[in-house]
Amino acid sequence: MCDIGDIVLPGDKIDNFVQSKGKVLLGPGLQRDGEEVIAVRPGIFKYREPNIYWIESHQKRYVPSKDEDVIGVVTNAKGELFKVDIGSSEQASLSYLNFEGATKRNRPDVKNGDLVYAKLSIADKHAECELTCVDRDGKSKGKGCLPDGGFMFQVPLHLAHKLRHPDCPLLKYIGKETAMEVIAAMNGRVWIKSRSARETIAIANAISAAEFLNYDKMKDFVDNFMNELYLGSS
Amino acid sequence: MGICEFGVITKADGSARYITDKSDAICAVYGPIEVKLSKELIDRSSIEVQVYPKSGNTGPPERLVETIIRTTLDSVVLTKYYPRSAISVIVQLKHDFDLSCVLNSVCLALLDAAIPMKTMFSAISVSKSDLDNSCLNDSTMNFVLDRNYKVLTSYSNGIWKEDELKLALTFATKKAESIFEFYKSSIERKLLKEERS
Amino acid sequence: MKETPLSNCERNFILKAIENKERLDGRQSYDYRRIKLEFGIDRGCCTVELGETIVMAKVSCEVGQPKQTRPTEGFLYINVEFSPMAEAHFEPGKQTEQANEMARVLERCLRDSRAVDLESLCIMAGAKVWKLRVDIKILNYDGNTIDASALCSIAALSHFRRPDITVSGEEVTIHSVDEKDPIPLSIHHLPLCVTIAFFHQGTYCLTDPISREEKVMDGKMIIGMNKHREICTLQMTGNMLLNKEQVLRCTNIATVKIVELNDVLQNALSADEEARSSGKPYGTYVADFRKVTVKAAESPTHSMSEIEEEARSMQLDSDRMEESEEEVVENVVKNSWLLRIKESKANEAQKVKDTICSEIDEFLTTQREMSDLQQQSIVNNSSKNNGAKGQDQDAKTDTKRKRNQNRPKKKPDTQSTAKGESLDSATSQTKKSKGKRKGK
């Protein structure tokens, strides 16, 4: 009934799974209802080899999921567990020991309102989420408190996913034109740092404007906006 | 069928404005968000509904509509996905009150917020004059139908005979079909913006 | 639901950007966002979109008893409510401080400035009057709700029609729409609000702040004014001190903005009227105006630092004005897309910081001189107004006149705006000047 790439709506029955060996994996937006599989979210029906199916929908509110990278705002930096706002329905907790090089004596320097880039180590809908800034070997790998001088803004989740996709050339194109650091986190928060406030604002606006842009249109788009940026300042 | 506009309330997680020839309603959905301790449910999210008239304060009529919306949503929204959280639905009327317009705007806003739902629903008001051209009888019947045209909620006033009720239901079923078509085209327009750009 | 906290990162960045004369959405310091006015199907219902901020106003009326002390006056009541729709942490039905403040400012702006003729709302002296009620709802919150609400409520009031009545002896008949055409309210002038946000202790100022800018600002000044450049309300809140020249400067900015907003309002009203009379009675009308650039005349400088200089050279204003006009025009050309930068002003920030200390000192000394000045200014007022009258016809000297007229008039007003008594003196003053204009 529904082909890959079609728009599906809640209540649509999905029955044309590609015949393949092994189990069929149902991703987000699909739900088994007795013998049938129904869509529970509006979105685009997607398929990936060998047999994974899911629905790509447009959403703004973040729902935590294990092992995802998020940017959070520290709201309470006292005690053993920091409270961190990650944009979901409740605050996540982050132990002060889960920073690179942190020990009981060597407490990381974190203040209220600071930004942390962390991975969700526990994300269960029935329990409080927990964050960590280190991997299994105790290395930060880029995680931790974000340095001063950058800027963070919120984009819809699907745009953040698009930016993180390895095929998406937008950030590469912008990076060719100007020096910048950028983190696009799964919770729709994007952090950027570039040479000047002016450039940072321009890049932030460009990223937000790319929500409905095709990959092949991105090159022209970036060229265009970079031209404007430098013409304006000269 | 009306006009639908998604994302009017930019701060909300999902929103829709639905304009028909009778009414004009904006609905915003937040969810899943933090829940008040007193309303927290261990195994599912609690649904909060607020309806505001175009002017003045909320009164008993609004409370009634809130209840109708809540009971409808309880049977449609998959609240088990987000335990210990809240889904907040807020409706603001910009014109005269019309139950079907309000309910349809709620469904559109839920679709915009991508809240998981078992099925979509559409609300249809049938007045007796629609069925037999009698001008004197202003009894109305409101049906909320799911995608298989099963009745989720009904609310009526006036006197209805059994066969009239059946007639009204077939009338509503026909209308619901076109409303679902409208939902589909609206969502397609929203999601396929990228490909058309 | 707790409010999403503003991170230190965003806070510092916004402040740094403002120092560099940049704004998050690429606007210039004195630009407004896109304004959209929409009138509802029925009369007296208006929605204003200012960027992402959405405000809805609905006017309703009922018959009631007048006050004993004012038997021939109707009522105008303003109610402001932040809908929980606007942000997840707004609680339903809760009267917040912010909503109360807004309602008070709007009441002062609309009712106490006598914008709506309350005496024309009298049906029977001492017994029956019309009670007007404006319900304002904030549907989406992205800063600067005051300006949007003021525009929205005056638009709704101008758009509103009350039912016609016939009085015969003791009997009052209220006619329905079908019997007699409803009649518009008599509105004397259209007061609008301009909010100016201050940063770095008043060193930098911006109009139309978005919510993130509002969260980091030191304070704000709300100026209610009509197109005749009469100040209807003026309120400063926040944790900062302002130089009196800065206050003047802000009112000058406001005059320009008010003219722009007034154009938007009147275009929308007339366009709606046209649509209704040309047989499209049930069409929702949308008026969409975009203000891309600041008008050159009144915003030559982009920071408060030059105010002192400017105040000193107030007399030589016209030369300066032409010069800065060119500057801005040039800037507008450069600013083809997003941002405008002025490298030459990079080291200005340091200079600015030095001047603040001296500004504050000066402020304290000038405060002592205030009372003398006030006396003087009233004398100045009459002489300057006479001088300005001669130039009335000349469009080019328009801005100069604005300054001349504004300068003396505001001084008594700015000193104690919070108190009710000063308002009376202000209104009597504005009345005086209005009378003069009419007389001419």
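Predicted model: local features only at pLDDT ≥ 70, side-chain atom pairs only at ≥ 80, totals over all residues.
View 1. Chain A comes in three parts: domain 1 covers 7-56, domain 2 covers 69-145 and domain 3 covers 151-233. Going by C-alpha atoms, the centres of domain 2 and domain 3 of chain A sit 26 Å apart. This pair of domains is picked up again in the next view.

**View 2. Where domain 2 of chain A meets domain 3 of chain A.** The contact takes in 7 residues of domain 2 of chain A and 8 residues of domain 3 of chain A. On the domain 2 side, the elements giving two or more residues are strand 8 (69-76) and strand 11 (115-122) of chain A. Which of these elements gives the largest share of that side? Strand 8 of chain A does, with 3 residues.

**View 3. Chain A against chain B.** Here 23 residues of chain A touch 26 residues of chain B. What is the make-up of the chain A side? That side has 9 nonpolar, 8 polar and 6 charged residues.

**View 4. The stretch of chain A with a UniProt annotation.** An unreviewed UniProt entry lists residues 150-197 of chain A as "domain: K Homology". Zoom in on strand 15 of chain A and strand 16 (residues 189-194) of chain A, and you find 5 bridges in the antiparallel sense. One handy landmark in this pairing is A:V182, which stands opposite A:I192 of strand 16 of chain A. For anyone tracing side chains here: in a regular strand they alternate between the two faces of the sheet.

**View 5. Strand 3 of chain C and its partners.** Strand 2 (residues 45-50) of chain C runs antiparallel to strand 3 (residues 53-64) of chain C, and 6 bridges join them. To get your bearings, look for C:C46, which stands opposite C:A57 in strand 3 of chain C. The two strands make a hairpin with 2 residues between them. Which residue in the turn has a positive phi? C:G51 does, at about 60°. Strand 3 of chain C is also joined to strand 6 (residues 128-140) of chain C, this time by 11 bridges, and again the strands run antiparallel. Within that pairing, C:K58 has C:D135 of strand 6 of chain C as its bridge partner.

**View 6. Two helices of chain C crossing.** Packed helices get described by the angle between their axes and the distance between the axes. For helix 3 (residues 145-159) and helix 5 (residues 244-277) of chain C, the angle is about 35° and the axes are 11 Å apart. Is the crossing of helix 3 of chain C and helix 5 of chain C left-handed or right-handed? The crossing is right-handed. Helix 3 of chain C brings C:L151, C:I154, C:A155, C:S158 and C:H159 to the contact, while helix 5 of chain C brings C:L261, C:L265, C:A268 and C:L269. Sorted by type, the residues of this contact come out as 7 nonpolar, 2 polar and no charged.

Technical notes
Residues numbered from 1 in each chain as written. Chains lettered and ligands numbered in written order. Domains from an automatic or database assignment. Contact = placed C-beta atoms within 7 Å. Helix = DSSP H or I, 4+ residues; strand = E, 2+ residues; numbered from the N terminus. Nonpolar A, V, L, I, M, F, W, Y, C, P; charged D, E, K, R; others polar. Pairing = 2+ DSSP bridges. UniProt positions renumbered as here; feature names shortened; annotations may be inferred. Axes fitted to C-alpha atoms, helices over the stretch in contact; angles between N-to-C directions. Left-handed = near helix turned anticlockwise from the far one by under 90°.
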